[in-house]
Amino acid sequence: MAFREYKIGCWMFGISLSLSMFITIILPGIDISSMSSTKLALEKQLTYGWETGFNYYDPFLQGKDKPIKVTLTKDPKTGVAIDKTEAYVFPAGTHFPNGLTHDNILGDEVQKASVSLGKIDQASEDKGAVFVVSVTSNDTPYMEYATVTRGWNVDATLKASDEQLMAGSGKTLFVREGCWWCHTLLPEQTQDWQSFGRPPMVGDFNGESPTTFGSDRKAPDLLHVGSRNSSREWMVMHFFNPRLVQPHSIMPRYDFLWGDKDADGKNIDLAAWDEQYFAYAKGESVYPPGVPTPAADSEARMLVDFVLNLK
Amino acid sequence: MLKYLFAKEENIPQGTAAIFFGVSSIAWFIIGSGLGSFNAAKLAFPDLYHGLYALQFGHMRQVHVHAVIFGWIAMAFAASMMYITPALGNTKLWSEKLGVWNCLLYNVGLCLALALLWAGVTSGREYSDHIWPIDLYIAFVMVVPWCLNVWMTIINRRTQGIYTTNWFFAGCMFMTVVVFLVGNMPEWLHLTGLNEAYMTWWFAHNVLGLLITPVAAAITYYIVPKITGNPLYSHRVGHLHFWSIVVFYSTPAAHHLMSSPLPEWLKSFASVEGVLILVPAVAYVCNILLTMQGRWSMFVENIEIKFTITGVLLAIPLNMQGGFQQTRAINWYIHGTGWIVAHAHLALLGFSTFAEAASVYYGMQVLLRRKLYSASLANFHFWMLLIGFSLYWVSMTISGLIQGAAKIYEVPYVDVVIAEHPYMIVRWIGGTMVFFGNIIWLYNMVMTARAGDIVPVGRQPAEVAYTR
């Protein structure tokens, strides 16, 4: 390189860049990775399954390969009434979240409890599985492989459930539709407590990907939106046309997520709906047209499930 | 372009790669700023384009960002490097043929990448939105051949020393490759949780700090001495700039997540390092402005200097904001508001774009050996860009302050949306002005190639009088 100074410069450059990366990647990586999962992190992993961004199993982000979150009030095996319990059903072939497939995600205590009490090492993706989140006597949360510990298999659990939420599929759509460009999932530590609720804790994210914090808040934070507003009817109307429930909203309409048919199998004609809506908006009619109920397998249903599940 | 793909190296005229990159960059700037204007319209009037489901805001937002960063900014950098690096090494570009192929595959890759983002196929991580197969393509097909051309040209130079601009080019391209490959680790290794969130911002911070701003600065280190005829004020201050970029700009990534539950030591460290960004910033701005001594009339008379120095002057508020807005004392107020959007546009549409536009204007005239077709159209472009940007920046800053105040006092969010409405309209107008200015620019450049006055051999374009 002609001058000795350039050789020295190259060394200095390499050393300073390496040092910078050691301080800003390796050290934080060690620190962050040592954080133990909270109960919330376990629930989120079991709700969202494997990756909710681009991945092999769902390359076009259609909400495939996701577990179903169910609410149980009776034991799927015995039929006996139990306290309201949330279980996470992974039909056969559904991929498990990172915390179940890697030993170093959950944190030592949680990992130990999940294996010894929760028997998670016996679960396999091929056979399908039902999980619940439990807490040990000294308050350590752990994942429990309910198919072994309680005898709850996939079909019986789905059949016995009172409510099924496709929140994992919904999160995939949340990523695909870019909801997170305006709605953050990160109430800030310095304020936001009253409007948007408790900011997340350090262990709340283990195993979740992507975290979709969002950076540019143009709309309310959604981390706890399901606690503020748990009305499915309101959510359905709001997704179909936000101006129906909030005249000043600048949110786009998501009526196309309904697909072709509504829950009753009737065709959805968006153009005709718009015509009636604009007549209402101009004051020519008293009521806006009714919003179709999303079909059980529609993308709209998945997204509403995801939002309602953000407690 | 096609005829050079399979031509022999010696049959390809010097500057071919730079011209192709330059023209592509202007075209992408039109596309990128057009998309920006389109998106901004939806934020002002959400039902304006209702029915165009294929162009949903949530899909088009990142297409705008990546069209501008990878299309306009990066390709303008490539164009600049392909003619400045050999000029400063008193040699030819290492391989024009590689450059031409690089430009073709760059455009193809970018179309593919944007089409996938448009379809919603995304990793869900801001700024590293591309899926990993596209990341691999970007790294090894779009960026590595470009690096090779720059590095090999510098190694084969026919000067003893390496000028400031060329250290920056070589160093920044190296850091870009490292940042790109390391910053996409969450996808290569399926990192999850806070590690993933933090690495997302580590990438976003460093790609801006180690590619976009320093390369723009390096371009001005070339353009200002070259056109004014003044030598660079201080080579040593240039050293200070370069080394403080490497040391201080590569470390504050965590300041993008000040309100997240990252370790407190990391946030404090990042915040302190973030203030130290003022070291390279002050060194750089002083160095360039002092180089202008005795030639300030050119700031008015010469279009390239007008663009460059406007960019450098915009770097002053940029770095003052950047240094302080990330401290805890200020960040809690403006975090996540339109203020940040305004700041990001100050960096990319303000400082960086003005420097690159100057470089593309100058480079095209030198390489085509044609005087710029119309000074009036160039001035029109300049003012459309400057006024459009200023409207955007002022309106978004005000709307950010409104949002910040509403955040602190926990005002119902819909009242913020109502209060921001007029500023959203101004933002749209500003973005649209930039878009129309760029169309004029492309016309002016095409006409320069076709009908510009010939610049005699051995003469600089600045030495030839405008005829229009």
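Good morning, colleagues. Please bear in mind throughout that the model is predicted.

I begin with helix α11 of chain A, which covers residues 270-281. This helix has 12 residues, and from its first C-alpha to its last it reaches 16 Å, close to the 16 Å expected at 1.5 Å a residue. At its start, D269(A) places a side-chain oxygen within 3.2 Å of the backbone nitrogen of A271(A). After the helix comes G283(A), with a positive phi near 90°.

Which residues of α11(A) are buried? They are W273(A), D274(A), Y277(A) and A279(A). The buried residues of this helix pack against α10 of chain A, residues 232-240.

I turn now to K66(A). This residue sits in the loop that lies between α2 (39-48) and β1 (68-74) of chain A. K66(A) is buried, yet it has no salt bridge. How far away is the nearest side chain of opposite charge? That side chain belongs to D65(A), at 5.5 Å, and a salt bridge would require a side-chain nitrogen within 4 Å of a carboxyl oxygen.

Leaving aside residues up to four places away in sequence, K66(A) touches Y48(A), G49(A), W50(A), E51(A) and T52(A), together with T94(A), G168(A), S169(A) and T172(A).

Thank you for your attention.

Technical notes
Residues are numbered from 1 along each chain as its sequence is written. Chains are lettered from A and ligands numbered from 1 in the order in which they are written. This is a predicted model: local features need pLDDT of at least 70, side-chain atom pairs count only at pLDDT 80 or more; totals for chains, interfaces and linings use all residues. Side-chain values use heavy atoms; hydrogens and water are left out. Helices (H or I, at least four residues) and strands (E, at least two) are DSSP runs, numbered from the N terminus. The expected span of a helix is 1.5 Å times one less than its number of residues. Buried means under 20% relative accessible area, exposed over 50%, partly exposed in between (1.4 Å probe, protein chains only). Contact means heavy atoms within 4.5 Å. A polar contact is a pair of N or O atoms within 3.5 Å; within protein, one must be able to donate a hydrogen and the other to accept it, and residues adjacent in sequence count only if both atoms are side-chain atoms. Lys and Arg count as positive and Asp and Glu as negative; His and the chain ends are not counted.
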